[in-house]
Amino acid sequence: MTDGLVALPISVQPIISVRGLQKWYGSFQALKDIDLEVKTQEVVVLMGPSGSGKSTLIRTLNGLETHQQGQILIDGVELTQNPRQLESIRREVGMVFQQFNLFPHLTVLQNITLAPIWVKRMSHPQAKETAMQLLERVGILEQAHKYPGQLSGGQQQRVAIARALAMQPKIMLFDEPTSALDPEMIKEVLDVMRSLAESGMTMAIVTHEVGFAREVADRVLLMDRGQIVEQATPEEFFLNPQQERSRQFLSQILA
Amino acid sequence: MQSLQQKLKDTLLPERVQPAWIWLRQNLFNSWFNTLLTLICLWAITVGGFGLVRWVFTQAQWEVVTANLRLIFVGRYPVAQLWRLWLAALLVAGVLSFSWGALQGWTRKVLLRVGCAGLGVGVALMFVDWMSALWCGAIALLIMGAGSAGAWCQRKPLWQSFKSWLPLLWLITFLVALWLMNGGFGLTTVSTKVWNGLLLTVFVAVLSIVLSFPLGVLLAIGRQSPLPIVRGVSIAYIELIRGLPLIGILFVAQVMLPLLLPPQANMDQLVRAIAGLTAFSAAYLAETVRGGLQSLPKGQWEASKALGLSTPMTLGFIVLPQALRAVVPAIVGQFIGLFKDTALLSIVGLVELTGIARSIAAQPDYLGRYAEVYLAIGIIYWLFCYGMSVASRRLEHSSGH
């Protein structure tokens, strides 16, 4: 279990700490005994077959899914169903969805400035300036006044990343950010995520992009049937997996 | 290049100028059955249309309408105080035109058309009453003036910060209009018992619409609430009201409410009528709005929540703007229904448009002239409903992108 953690400095306080997490949908157990620690600036990639619980896990980390047992600490604050506490945690945790989930009735700029203005009480000019900087960073400054429906999938997903970054989160969660994209648009989104990782953002990513995981991840987790089966550095995980289940999964996706 | 474009245009959009008789033969007389159908329809339209035209121009005696125009429009409102109604109408028309211009924007053509229609009515009124003609002309001019001012404001960046004051402007407008109509504070009081005819219909309908909208939205949200008590109360209210006929609710409001309340709580019959209509309309509106809420993808809630927005913020900024826009046509349809439902108030003793028509038809001088009176008020109902319909279509058009 701790193979992948050995290389990391032990003194660093984990920013995400999950202990004994259990989640059921009715009688179906979606997450079993999950223990996970993510340190500041670490990039963790979750892989696994569909239905293995990786999306569920990432969605419990900002309370979009509730858990029945166990403890989640985000930056030292326990995640509960108390709305106040949830909102304060969500301010620190940005999320990017598979389906982008931009607000179609607002312009790109309004999409990005909405939360900083109303949640962080930032002034309008300041929020706009931050938004413009972020749009430049994700490379679509010229689309600021368009509506999401007028953009391509790749551009929409980059807006979604900018929208999450506008809250200046400490952690970014990505739930299959490139799965709904046409192949030629995947790279532009991955490039943005890569530069984000290089800038030192703490990231938890659910993805099937092996190349991206090998290059960017500090640690790869394999999930199956609601459990973490293996976690290791990318080199170890992809070249020398310890578990039979991991070998099976890799042979399927690399075939 | 030019020739290529021309060639494309020719192949893609062949100019087909067909003689009318070919179109007729292809569409109306293309089989013996369609020919028969066409002939039967033609015969029915001719007979019906001819009968109507003959009745309107030779048999009908329109004196019952022309002699009672004032009753139809404002009922028994004292003639000496009529200027107050005109002034209230002037005020509301001005603010309405300004708001539409400032929020939706007027195109010059439409604004001009609305203004000219008003002036046309004013000119027509010259044959009836000079004072009314002047007031009507003033309203038309104010609509054009205030509309242009609104459209001008819309283009000014400074306007954005004043926008949030518009509801306050409307509240003040409403209070001033109410004061003008009702009196008090220096004006002679005019009892609501003499607010009859169209005046009453519009007053009751507008207030019921304005009040039932927020109530309906709240009920729709309540019905979706995760809190069991809020959800239970909302569902119970909606299902109870939807299971009752409107006329029953109006009877309860008019007849039973005074029995249930303490005698000193002397509610005006207008207030009771508006309460009944609002309660009824809100339940139906809630179900329409719920449809809009449910049509919204769950991802919109999740994205908003993930950004740390609270539930009220999510509703106000993300969910309601999209959900309501999706159901504008259905909502306006319900408002049109509500406007026409005010006719039922005539059964519980309020003399609104239908009520005044009944009392006019009962005047000894015009006994038996039902058709003329009802046709006249029918046209008035239609004009208002059609107006709402047109406004709603404009709203849909301009709010989509």
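Predicted model: local features only at pLDDT ≥ 70, side-chain atom pairs only at ≥ 80, totals over all residues.
1. Second largest pocket. The volume of the second largest pocket comes to about 510 Å³. Its lining is made of 15 residues, and those nearest the pocket centre are Gln224(B), Ser225(B), Pro226(B), Trp301(B) and Thr311(B). Four elements of chain B each give two or more residues to this lining: helix 11 (197–224), helix 14 (269–294), helix 15 (298–306) and helix 16 (311–326). Sorted by class, the lining residues are nine nonpolar, five polar and one charged.

2. Helix 14 of chain B. This helix is one of the elements that line the pocket in point 1. The N-terminal end of helix 14 is capped by Asp268(B), which places a side-chain oxygen 2.7 Å from the backbone nitrogen of Leu270(B).

3. Helix 17 of chain B. The same length check can be made for residues 328–341: these 14 residues should span 20 Å at 1.5 Å a residue, and the end C-alpha atoms are 20 Å apart, which agrees. The buried residues in helix 17 are Val328(B), Ile331(B), Val332(B), Phe335(B), Ile336(B), Leu338(B) and Phe339(B). Viewed down the helix axis, the buried residues fall within an arc of 160 degrees, so they line one face of helix 17. As background, an α-helix has 3.6 residues a turn, so residues three or four places apart point the same way.

4. Ser234(B). This serine belongs to helix 12 (residues 228–242) of chain B. Its relative accessibility is 6%, and Ser234(B) therefore counts as buried, the cut-off being under 20%. The side chain of Ser234(B) makes a contact at 2.8 Å with the backbone oxygen of Val230(B).

5. Positive phi in two loop residues. Gln168(A) has phi near 50 degrees, a positive value in a residue other than glycine. Gln168(A) sits in the loop between helix 5 (153–165) and strand 7 (171–175) of chain A, and is partly exposed, with a relative accessible area of 48%. For Phe185(B), phi is likewise positive, near 50 degrees, and this residue too is not glycine. Phe185(B) lies in the loop between helix 10 (166–182) and helix 11 of chain B. With 80% relative accessibility, Phe185(B) counts as exposed.

Methods
Residues numbered from 1 in each chain as written. Chains lettered and ligands numbered in written order. Heavy atoms only, no water. 1 Å grid on protein atoms, 1.4 Å probe; cavity = no way out; pocket = protein on both sides within 12 Å on 5 of 7 lines; lining within 4 Å. Points joined across faces, edges and corners; volume = space filled by probe spheres on them. Nonpolar A, V, L, I, M, F, W, Y, C, P; charged D, E, K, R; others polar. Expected span 1.5 Å × (residues − 1). Buried < 20%, exposed > 50% of the residue type's maximum accessible area, 1.4 Å probe, protein only. Arc of directions from axis to C-beta. Polar contact = N/O pair within 3.5 Å; in protein donor to acceptor, adjacent residues only side chain to side chain.
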